[in-house]
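Please open the structure in your viewer and keep the selection tool at hand. The tour below moves from stop to stop, stating what to select and what is to be found there.

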Amino acid sequence: MRCPFCGFSESRVLDSRSAEDGYSIRRRRECAGCARRFTTYERVDELPLVVVKKDGRREVFNRNKLLAGLVKACQKRPVSMAALEALVDEVERTLRSTAELEVSSRQIGEMIMERLRVLDEVAYVRFASVYREFRDVQEFLQEIRRLSETP
């Protein structure tokens, strides 16, 4: 494993732990060149999951892209990074548990919103405004009304 600081190709594993509910291994390493410490994660190499976008384009599922969108929606909200990572992990696990190798971005968006609504309602409305492409204040108000009407 190459050191992210100096690029040296040898490192020593200091600690290994199960991460993401057993779906990956977290390793704490120390570079043999500069002695700095860094963390790596190992995951099972799975078949690529392809996302079909609204316009028909296809791209490989990118959990970091999904996480970045959630971080933006939860900016200045009391939602921990661990909670967001758990949400993305749950969605990815659900998607990969099906036999389908292609999934629509619409399906992913609905899964995210369903879980985000429980986590933080303000973040839910922020995410929904981008995902559903709200064009004016009325669409915001409709979503807020819908949110307050359902338990």
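This is a predicted model: local features need pLDDT of at least 70, side-chain atom pairs count only at pLDDT 80 or more; totals for chains, interfaces and linings use all residues.

**First stop: the start of a helix.** Select Asp120, which caps the N-terminal end of α4 with a side-chain oxygen 3.1 Å from the backbone nitrogen of Val122. Such a polar contact is a pair of N or O atoms within 3.5 Å; within protein, one must be able to donate a hydrogen and the other to accept it, and residues adjacent in sequence count only if both atoms are side-chain atoms.

Residues are numbered from 1 along each chain as its sequence is written, and side-chain values use heavy atoms, with hydrogens and water left out.

Select residues 121-131, the extent of helix α4. Its buried residues are Ala123, Tyr124, Val125, Phe127, Ala128, Ser129 and Tyr131. Buried means under 20% relative accessible area, exposed over 50%, and partly exposed in between (1.4 Å probe, protein chains only). Which helices are included in what covers the buried residues of α4? They include α1 (63-73), α3 (105-119) and α5 (137-149). After α4 comes Glu133, with a positive phi near 55°.

Select Ser129 in helix α4. Is Ser129 buried or exposed? Ser129 counts as buried because its relative accessibility is 15%. Its side chain reaches the backbone oxygen of Arg126 at 2.6 Å. Leaving aside neighbours within four places in sequence, Ser129 is in contact (heavy atoms within 4.5 Å) with Phe134 and Phe140.

Two packed helices are described by the angle between their axes and the distance between the axes. Display α4 and α5 together: their axes come within 11 Å and cross at roughly 140°. Axes are lines fitted to C-alpha atoms, for helices over the stretch in contact, and angles run from 0 to 180 degrees between N-to-C directions. The two helices, α4 and α5, are therefore oblique to each other. Angles under 35 degrees count as roughly parallel, over 145 as roughly antiparallel, 65 to 115 as roughly perpendicular and the rest as oblique. To see the residues that meet, select Glu121, Tyr124, Val125, Ala128 and Ser129 in α4, and Phe140, Glu143, Ile144 and Leu147 in α5.

**Fifth stop: charged pairs.** Side chains of opposite charge can pair when their charged atoms come close. The structure holds 16 salt bridges, each a side-chain nitrogen of Lys or Arg within 4 Å of a carboxyl oxygen of Asp or Glu. Select Arg17 and Asp15, whose side chains meet in one of them at 2.9 Å, N to O. Arg17 is exposed, at 51% relative accessible area, whereas Asp15 is partly exposed, at 25%.

Next, select Glu92 and Arg96, which form a salt bridge at 3.1 Å, N to O. Both lie in helix α2 (residues 81-97), four residues apart, about one turn of the helix. Glu92 is buried at 13% relative accessibility, and Arg96 is partly exposed at 27%. Elsewhere, salt bridges that share partners join Lys53, Asp55, Arg57, Glu59 and Lys65 into one network. Within this group, select Glu59 and Arg57, with their closest N and O atoms 3.7 Å apart.
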